Amino acid sequence: MGWLAGIILLLIKLGVVLVVLLTAAAYLVYVERKLLSRLQIRLGPNRAGPFGLLQPLADALKLLTKEDLVPEGADRFIFLYAPGVVAASALLIFAVIPFGRGWMFMGHEIPMVVSDLNVGLLYVFAFSSLGVYGVALGGWASNSKYSLMGGIRGVAQMISYELSLGLSLVPVVMLARSFSLVDIVAAQAHYPFIVLQPVAFILFFISAGAEIKRIPFDIPEAENELVAGFHTEYSGMRFGLFFLGEYVTMVVLGSLVAVFFLGGWRGPLLPPLVWFSIKVLAVVLVLIWIRGTLPRLRYDQLMHLGWKVLIPLGLINIVVTGGVLLWWGS
Amino acid sequence: MPGEKNRLLRVTEGLVALIQGFWTTFIHLFRKPITEEYPEYKRPLPPRSRARIILTRDPDFEERCVACYLCSASCPVSCISMQSAERADGRRYAAWFRINFSRCIYCGLCEEACPTLAIQLTPDFETCQYDLLTLVAEKEDLLVDHGGKNQEYNYYRYAGVLVDGDKGGHIQEARPVNLKSNLP
């Protein structure tokens, strides 16, 4: 009886999280288009429904009904499943992110997280690395020079920035003394880690921006050089899956920044879920603002920033944090 | 060390530039969008914009077109066809005149070629149709009741008519020069 209730509860939680996440990703596209257009003193989508609110629905319908094209000479199997890798790895990361305080329901506590892994942070890194496969395989299997170039660039960029992404979070783990994301949020009961670790926050933000391949780090899909990079040859819903993966990753990134540096779901007055949403939305809005402001980095500038600036800074940050912790004692 | 100071200066400059950039885009968030929403607001187009083609009439309400085939010959996509005919008084006209707008590229060469200002392009560009055949315009679709860009011009007052009277009596024709009195 107990395990049956557990499985039902898990399925319900999975369903709710999936629906919310997918809807959030779809409307994130709308928010991005709207905000970006206002940053560029345009109006943005305003035709489908009031204020263009039905635009994501219309886009999804369009993508679903379009022809799913496989280019001649493409590695058919890999070509077809690469977008799934991107979307799935993005969605799966959210499994370990705590998005609220546990609810008491019929005498049992229901934790507001799909799975409280004790190696949650490693799990996050594992799946953000798996996302690279989607890019690499999609680019390689397309049998197109632009896709291949985009894929190669994507792999080089994501592997480089994975290092600084990992290094930037080591001090957080040192402070929280746990890999579990729930424990990391619990460790920020008094003050968020952004106060203690501003350098780590900036490092994480920049590297995460490069991980999700957004402007100014969008050289894997640089329009003016590579048509659309690794997803040049994709059409219909497979292109949609790449797109979906990108925007889900944006939500996930917002959640990770909230969990690691902004205190997760903690906040005064408002309920935890609302606080969590506000923090995620704030990070996402900043990402859109960055997209509206900065130009794309050149390839060598990107590598220079990753290897010669961010990684040394991350290492120094770890050493300093370790030294201070040792000095302070605990 | 001078090198160190230089690097510090560069970092500061970069930071200032970053803040300036973000501030600029942030300010633009509160500016009025410059978008003109098309179906609701139609921007008045310049009178010489090239779109739908018309056949105009002269001030005497006669058709200007004399079916000289020059527009048809100059058309790079061969979308103009016609059949010339002659009236009892000797004036030529087009028995039928057809423009296939599904082929027209709106280059305006027909208008340039026309000696009588008959064929003209108008700024009216909203001519989309679902069926290509409905884009084939016959003479009655093309003919309008006005003179288009030049209401006064009448080809037959300038050319193609017999001049009765003295030399220099025609419109815009100078009097003949008297050779005897034109000495320096």
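This is a predicted model: local features need pLDDT of at least 70, side-chain atom pairs count only at pLDDT 80 or more; totals for chains, interfaces and linings use all residues.

Trainee: Why are H4(A) and H5(A) called roughly antiparallel?

Mentor: Helix H4 (residues 120–141) of chain A and helix H5 (residues 145–176) of chain A pack at an angle of about 170°, and their axes are 8 Å apart. The cut-off is 145 degrees, and H4(A) and H5(A) are therefore roughly antiparallel to each other.

Trainee: What classes of residue make up the contact of H4(A) with H5(A)?

Mentor: That contact has 13 nonpolar, 8 polar and 1 charged residues.

Trainee: Which residues make the contact between H8(A) and H10(A)?

Mentor: From H8(A) come A:Phe201, A:Phe204, A:Phe205 and A:Ala208, while H10(A) contributes A:Leu253, A:Val257, A:Phe260 and A:Phe261. By class, this contact has 8 nonpolar, no polar and no charged residues.

Trainee: What makes H10(A) largely enclosed by the rest of the structure?

Mentor: A residue is buried if 20 or more other C-beta atoms lie within 10 Å of its own. In H10(A), 22 of the 26 residues are buried, so the helix is largely enclosed by the rest of the structure. From first C-alpha to last, H10(A) reaches 37 Å, close to the 38 Å expected at 1.5 Å a residue. After H10(A) comes A:Gly263, with a positive phi near 85°.

Trainee: Which elements give two or more residues to the side of chain A that touches chain B?

Mentor: In this interface, 9 residues of chain A are in contact with 9 residues of chain B. The elements in question are helix H1 (2–39) and helix H11 (272–293) of chain A, and H11(A) gives the most, with 3 residues. The side of chain A that touches chain B divides into 5 nonpolar, 2 polar and 2 charged residues.

Trainee: Which residues of H11(A) are buried?

Mentor: Among them are A:Trp275, A:Phe276, A:Val283 and A:Leu287. H11(A) has 22 residues and reaches 32 Å from its first C-alpha to its last, close to the 32 Å expected.

How values were computed:
Residues are numbered from 1 along each chain as its sequence is written. Chains are lettered from A and ligands numbered from 1 in the order in which they are written. Two residues are in contact if their C-beta atoms, placed from the backbone, lie within 7 Å. Helices (H or I, at least four residues) and strands (E, at least two) are DSSP runs, numbered from the N terminus. Ala, Val, Leu, Ile, Met, Phe, Trp, Tyr, Cys and Pro count as nonpolar, Asp, Glu, Lys and Arg as charged, and the others, Gly among them, as polar. The expected span of a helix is 1.5 Å times one less than its number of residues. A residue is buried if 20 or more other C-beta atoms lie within 10 Å of its own, exposed if 12 or fewer, and partly exposed in between; C-beta atoms are placed from the backbone. Axes are lines fitted to C-alpha atoms, for helices over the stretch in contact, and angles run from 0 to 180 degrees between N-to-C directions. Angles under 35 degrees count as roughly parallel, over 145 as roughly antiparallel, 65 to 115 as roughly perpendicular and the rest as oblique.
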